[in-house]
Amino acid sequence: MSADISLIPPLSRPLSSLRADLRVYILRVFLRCGKQCELKRGSLRFLTLLCARMSELEGCGAQGGGGGPDWIMIEPPEPYEPVQHHWFYNQKTDGRHCWQPFSKQDSQRIEEAYAHAGESEGEVIVATEGRRYDVCLKERRRYAVYWDQTSSEVRRCSWFHKGSKEMSYTPHTEDISDLLEDAYMIALTLEEWKRTLELPTGETVILHNPKLMTQHPNFCRDFPPSPGERTQARTLKRGIENIPVEIPQGEPDSVDHLVFMVHGIGPACDLRLRGIVQCVNEFRSASLTLISSHFSSTVDQESIGRVEFLPVNWHRVLHGETTGVDRDIERITLPSISRLRQFCNDTVLDLFFYNSATYCQTIVDTVASEINRLYSIFLLRHPHFSGAMSVVGHSLGSLILFDLLTNQKTGSECSEPEEAAEHNEDFSSLPDLECNSFTSLEKVLKNAGLEEHLRVLQKEQVDLEALVLCSERDLKELGIPLGPRKKILNYVKKLKLHAPAAQTGKHSQKSSRLQSLIQDSPPTTSAVDYQHFDVGIGQVSIDYPQLAFHPQAFFAFGSPIGMFLTVRGLKRIDPNYSFPTCRSFYNIFHPFDPVAYRIEPMILPPDMDVPPMLMPHHKGRKRMHLELKEGLTRVGSDLLGSLRTVWQSFSQLPAPALAEGGATAASAQLTEDMETSPVEEEESKEVQVGRLNDGRRIDYVLQEKPIESFNEYLFAIQSHLCYWESEDTALLVLKEIYGNGPHRSSPQQ
């Protein structure tokens, strides 16, 4: 329906009696006509019609005589500018719901899609936050792409309110914001303030002036508010520019490098009990800040984009309903000190699970499949990506990645699948077990503690010989859960390995050929010189899956790799060894981290003691307390050396000239040695640490903070969880990526 001037009713009373109510009348008529007419929000078209009606009234007054119209002329309205909308999403933080703004670039993309949303019949989807989240406009929901996360509400915001005890502003709904914007436009145009507006929620809004607007609760008349409640008015603000909110920095569209980050034990990754997703978000934000500050010249030239970090969660699968391990552990857990026992079951037990053949296979399969799944989704959302990939492991996650990368196959090894399939066929088709009846199957399952699944196997007429031929897929189709399924396969594998070598006829030839194959070929975990390993001393014999790519670098944060290798019986790593598909390896740790262990002493000769590399501070220098400690150490060494030189010179005075010359030479040599500081001596050495990191250093130690140096025991736990927020760690990762990757760039200090 088009706007018509006839919608405005004529004035029947004299104009002199309407002076006080004229502006109120105009406001009511405007709101009524604004609802009847299909006028766009923020349009002043109706004010034009209103001015035409005022002209008619002025003409009527002139015809009546008496020196012109009997009403005060309205001055031209103050220019009105529509409010700038910004998009927010609702996020639950620390048990509370808070509204977070999208970046300016993402908000503009959503607003452009919103303007054309009516042209599309289906859902309009906008990728935001580096394409990690999708916004469904018509549904007003935000969904995570790479990981499982509850969807959150999305809102087009323009008006905000805040109580006296609240820390941040909350956006009004879109309908209420439109009502407030209409009232604000009319009040500004007609210069009529200190008017009230009742909201659909029952609350009352008072527009005092363009800078002061308040929102009051609607109290019942039968129960008037107390004096304290009368003052609890909420502050209203129009536009995002009038509220103290930090709009996040937008991310470049181009991705130069992709990094997968694997967590350690337990579901929480830091002292704030945040999960892997939140910690990786923190690390990603730190890397974006460091790229803009340390690689500013290349960023201005648009020669580099950003690094994408994606979380890999394996704890959720291990402790999920599929394995049922939590139910089994809960049945045998004592009721006393329940919180401590629950904490141990969620965290410490992960170490024992990884040393179990059944659950180690589950963990490794989960990590590899999750990395490959994230990688495939990333390629679908970034079809033009041409960069490299790297992996990061924290705590136990670094050990998982170390074992996984150790057992990766190169291109030549992967080109022999037919031979491996033939070996697997020979291995699985052995009919050399003496027991092949249901009674023997019952005995086997009873020894393995799996007699509860006997009825399922007997129903399908599966005896022991048929069970040997079953694959994991067959057992899964029978409805056997993952945990018992892995136990059955592992038990059958042990039966095969202990099968008698001496057989008759065709079976004897097959068995001897299989035994020779097992003895001649190295085990699946033999890539680092594990040939002397045995399942009984810590090395778990499992099948390691293959990654869909070759990583450029492997970063270990707070890693116990060195300790686990030593416990497994490996005393030394061959200097010529390197990962089959990864050329770089960095072992990064905090000096007070109780879980971290070094790698370089296992590669270097025993008589060679080399301290770890001190990581530079992200601001370009050592911390002041470290410089002071180093200076005092150097002064003390120089003073001690000088005293020794003077003492030796006095003690050698009565000696012959020849001896005196020798003593002088010795003291000169001693003085020269003492003048060389430990730091200069370390820098003068060029240590070649094998091929594990392409001849470069492997161990890198962070600089502790001044407050941490007072009591290293007090900050031990925090030191193991500090890597997610460490700018120094993020800078070292960026230097490796942009220093050795296809986008080479020198960081600016």
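Colleague: With which side chain does Arg306 meet in a salt bridge?
Modeller: A salt bridge is a side-chain nitrogen of Lys or Arg within 4 Å of a carboxyl oxygen of Asp or Glu. For Arg306 the N to O distance is 3.4 Å, and the partner is Glu251.

Colleague: What kind of model is this, and where does residue numbering start?
Modeller: The model is predicted: local features need pLDDT of at least 70 and side-chain atom pairs count only at pLDDT 80 or more, while totals for chains, interfaces and linings use all residues. Side-chain values use heavy atoms, with hydrogens and water left out, and residues are numbered along each chain as its sequence is written, from 1.

Colleague: Is Arg306 buried or exposed?
Modeller: Buried means under 20% relative accessible area, exposed over 50%, and partly exposed in between, with a 1.4 Å probe and protein chains only. The areas come from the Shrake-Rupley method. Glu251 is partly exposed at 21%. Arg306 has 1%, so it counts as buried.

Colleague: Which residues are linked with Arg306 in a network of salt bridges?
Modeller: Glu251 is one of the members. Along with Arg306 and Glu251, the network holds Arg132, Arg284 and Glu308.

Colleague: How many residues apart in sequence are Asp134 and Arg381?
Modeller: Their side chains meet in a salt bridge at 2.7 Å, N to O. Asp134 lies in strand E4 (133–136) and Arg381 in helix H12 (357–381), so the pair ties together parts that are separated in sequence by 247 residues.

Colleague: In which helix is the salt-bridge partner of Arg238?
Modeller: Helices (H or I, at least four residues) and strands (E, at least two) are DSSP runs, numbered from the N terminus. Arg238 meets Glu181 at 2.8 Å, N to O. Arg238 lies in strand E12 (234–238), whereas Glu181 lies in helix H4.

Colleague: What is the relative accessible area of Ser158?
Modeller: Ser158 sits in the loop between strands E6 and E7. Contact means heavy atoms within 4.5 Å. Not counting residues up to four places away in sequence, Ser158 touches Val83, His85, Ser177, Lys237, Arg238 and Gly239. Ser158 counts as buried because its relative accessible area is 2%.

Colleague: Which helix gives the largest share of the negative patch?
Modeller: Patch residues have over 30% relative accessible area and no salt bridge, and like charges are joined within 9 Å. Asp326, Asp328, Glu330, Glu442, Glu451 and Glu452 gather in this surface patch. Glu442 is in helix H16. The largest share, three residues, comes from helix H9.

Note on methods
Patches are made of residues with over 30% relative accessible area and no salt bridge: like charges are joined within 9 Å, nonpolar side chains (Val, Leu, Ile, Met, Phe, Trp, Tyr) within 5 Å. Accessible areas come from the Shrake-Rupley method with a 1.4 Å probe; for residues, only the protein chains shown count as cover. Lys and Arg count as positive and Asp and Glu as negative; His and the chain ends are not counted. The place of a charge is taken as NZ of Lys, CZ of Arg, CG of Asp or CD of Glu.
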